[in-house]
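Student: I have a model open and would like to go through parts of it with you. Can we start once it is on the screen?

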Amino acid sequence: FQQTTTQLAIELPFLDSVVVVRDGYLIYEGYFNGYDAGKIHNVASVTKSWTSAAVGIAQDRHDAVRLDATLATLLPEHFAGEQRQDKAKITLRHLLEMRSGIDFSEDALNSGEYGSPEELAARDLTALALEFPVAHKPGEAWNYSTLDTQLLSAATQRALGKPLEAFVRESLFEPMGIRDYHWFADGAGTTVGGQDLSLTPRDMAKLGLLYLNGGEWDGTQLVPSRWVETSTAPQGREARYREKTEVIQWYGHHWWTWGPDWYGGYAAFQAKGYAGQQILVLPELNLVIVTTANTH
């Protein structure tokens with residue numbers, strides 16, 4: 001393994017960590033660029049898959065968290081007096097599937113066009129998100145969007161009556177032994193649902209293992225098994241994407257879904273974040289691979 005670690009450090013200098021879990025056992029880990037097993041790392045959009053898990057748990061426990069519930073119902077203060085009617089019928093399902101129809105560019109977010117991370121963190125991101133124009137009717141088009149996840153976090157948090165971070169801590173982090181983490185909230189106190197969660201790579205791997213085992217952890221069903229199955233399966237329905245209509249086969253509910261052509265004949269699902277953060281799960285191999293990195 002030492003030879004493998006040395007080779008990775010030479011060939012992939014941007015890599016900060018690799019963790020591999022097979023059959024439930026940690027079989028390899030390597031750390032680079034000053035990182036070690038105890039140091040947390042910003043997981044970027046891998047955060048989205050944790051948010052999805054929280055929604056799955058919440059909709060199983062709370063009547064208000066229904067996938068057909070609309071933003072107008074869940075966030076009524078933003079729709080008072082017939083405001084923002086172009087967004088009133090967006091549902092939690094639309095947000096989970098990245099089909100809100102709101103005109104948002106992930107490239108513009110990453111380039112700082114919408115503001116620096118510090119500027120955005122200080123704002124009420126729910127109010128900001130609802131000021132963006134609408135490009136398509138809800139459900140009509142697929143567009144990977146951190147804005148959609150932020151609205152999902154805000155709506156779920158409002159329905160639960162507590163920060164999404166607190167709900168995840170109680171329902172997932174504590175039962176799974178995850179204690180060392182940091183998760184930002186915006187200027188209004190809303191958990192940043194689509195990014196800005198920091199975890200150790202081993203704790204990232206726990207989410208992959210949880211989903212590999214159908215939502216069960218140490219004999220307890222933490223995430224409903226049906227939610228895990230739906231979240232990690234392709235949507236399989238048509239949507240407008242990049243000026244044409246396609247069947248969405250690469251995304252479920254905040255998890256990327258890959259057919260066997262991608263990974264040597266094995267189907268996979270993946271939580272993926274900017275600059276090389278990932279949790280890759282290959283069910284047929286009973287395998288979870290985690291990386292953290294800085295490729296930009």
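Student: How many of the six residues of strand β11 are buried?

Tutor: Five of the six residues of β11 (residues 268-273) are buried, so this strand is largely enclosed by the rest of the structure. Buried here means under 20% relative accessible area, exposed means over 50%, and partly exposed lies in between, with a 1.4 Å probe and protein chains only. Strands (E, at least two residues) and helices (H or I, at least four) are DSSP runs numbered from the N terminus.

Student: Before we go on, what kind of model is this, and how are residues numbered?

Tutor: It is a predicted model, in which local features need pLDDT of at least 70 and side-chain atom pairs count only at pLDDT 80 or more, whereas totals for chains, interfaces and linings use all residues. Residues are numbered from 1 along each chain as its sequence is written, and side-chain values use heavy atoms, with hydrogens and water left out.

Student: Which way does β11 run relative to β12, and how many bridges join them?

Tutor: β11 and β12 (residues 277-282) run antiparallel and are joined by five bridges, where pairing requires that DSSP finds at least two bridges between two strands. Gly-273 has Gln-277 in β12 as its bridge partner, and in the hairpin of these two strands, which has three residues between them, Ala-275 takes a positive phi near 70°.

Student: And what about β10 and β11?

Tutor: β10 and β11 also pair in the antiparallel sense, over three bridges, and the partner of Trp-258 in β11 is Ala-268.

Student: Switching to helices, how do α2 and α8 pack?

Tutor: Helix α2 (residues 47-61) and helix α8 (residues 146-160) pack at an angle of about 35° with their axes 11 Å apart, the axes being lines fitted to C-alpha atoms over the stretch in contact and the angles running from 0 to 180 degrees between N-to-C directions.

Student: Which residues meet there?

Tutor: Lys-48, Thr-51, Val-55 and Ala-58 in α2 meet Thr-146, Thr-149, Leu-152, Thr-156 and Leu-160 in α8.

Student: What does α9 pack against?

Tutor: The buried residues of α9 pack against α2, α8, β4, β5 and α10 (201-212). Helix α9 (residues 164-173) is mostly covered, with eight of its 10 residues buried, including Phe-167, Val-168 and Phe-173.

Student: In what order do the strands of the open sheet come?

Tutor: The order is β3-β5-β4, with antiparallel pairing among the three strands. β3 (41-42) and β4 (182-183) stand at the edges with a single partner strand each, so one side of each is left without a neighbour in the sheet. β3 pairs with β5 (residues 197-199) over two bridges, and His-41 stands opposite Leu-199 in β5.

Student: Last one: where is Tyr-35 found?

Tutor: Tyr-35 is in the loop between β2 (25-31) and β3, and it counts as partly exposed at 24% relative accessibility. Tyr-35 touches Asp-16, Ile-40 and His-41, again leaving out residues up to four places away in sequence.

Methods
Contact = heavy atoms within 4.5 Å.
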